[in-house]
Amino acid sequence: ATEARARAFSWGLMQVMGQTARENGYSGHMAGICEPETGIEVGCRVLARKLAEARGNVERGLLLWNGGADTAYPVEVLARRGKYAG
């Protein structure tokens with residue numbers, strides 16, 4: 001895919017949009033985000049910025065991460081966190 005098209009797709013484990021990856025400093029080939037280590041690093045960088053923008057309000061940060069269209073998204077994500085806690 002061309003760079004312009006690649007920016008329009010979601011990539012990797014955290015499904016980071018190509019444009020968002022670029023805006024958050026990722027300069028490699030978009031397919032590189034499909035490598036787990038790279039994708040998680042980029043995704044966590046993006047999520048950290050969304051949480052900072054939400055001033056630590058996790059629900060609002062998750063809405064920002066998801067684009068805000070699905071207002072149930074934060075509740076669904078937070079309901080699963082116990083399953084992944086160590």
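This is a predicted model: local features need pLDDT of at least 70, side-chain atom pairs count only at pLDDT 80 or more; totals for chains, interfaces and linings use all residues.
Which hand does the crossing of α3 and α4 have, right-handed or left-handed?

1. The crossing of α3 and α4 is right-handed. The two helix axes approach to within 8 Å and cross at roughly 125°.

2. On the α3 side, the contact is formed by G43, V46, L47, K50, L51 and E53, which meet V58, G61, L64 and W65 of α4. By class, this contact of α3 with α4 comprises six nonpolar, two polar and two charged residues.

3. L64 belongs to helix α4, which spans residues 58-66. Leaving aside residues up to four places away in sequence, L64 touches K50, E53 and A54. The C-alpha atoms of L64 and G82 are separated by 22 Å, with the two residues 18 apart along the chain.

4. N24 is located in the loop that runs between α2 (18-23) and α3 (36-53). Its relative accessible area is 11%, and since buried means under 20%, N24 is therefore classed as buried.

5. The side chain of N24 has polar partners in two places. A polar atom of this side chain lies 2.8 Å from the backbone oxygen of T20. The side chain of N24 also makes a polar contact with the side chain of R49, at 2.8 Å. Not counting residues up to four places away in sequence, N24 touches R45, V46 and R49.

Definitions and conventions
Residues are numbered from 1 along each chain as its sequence is written. Side-chain values use heavy atoms; hydrogens and water are left out. Helices (H or I, at least four residues) and strands (E, at least two) are DSSP runs, numbered from the N terminus. Buried means under 20% relative accessible area, exposed over 50%, partly exposed in between (1.4 Å probe, protein chains only). A polar contact is a pair of N or O atoms within 3.5 Å; within protein, one must be able to donate a hydrogen and the other to accept it, and residues adjacent in sequence count only if both atoms are side-chain atoms. Contact means heavy atoms within 4.5 Å. Axes are lines fitted to C-alpha atoms, for helices over the stretch in contact, and angles run from 0 to 180 degrees between N-to-C directions. A crossing is left-handed if the near helix is turned anticlockwise from the far one by less than a right angle, and right-handed if clockwise. Ala, Val, Leu, Ile, Met, Phe, Trp, Tyr, Cys and Pro count as nonpolar, Asp, Glu, Lys and Arg as charged, and the others, Gly among them, as polar.
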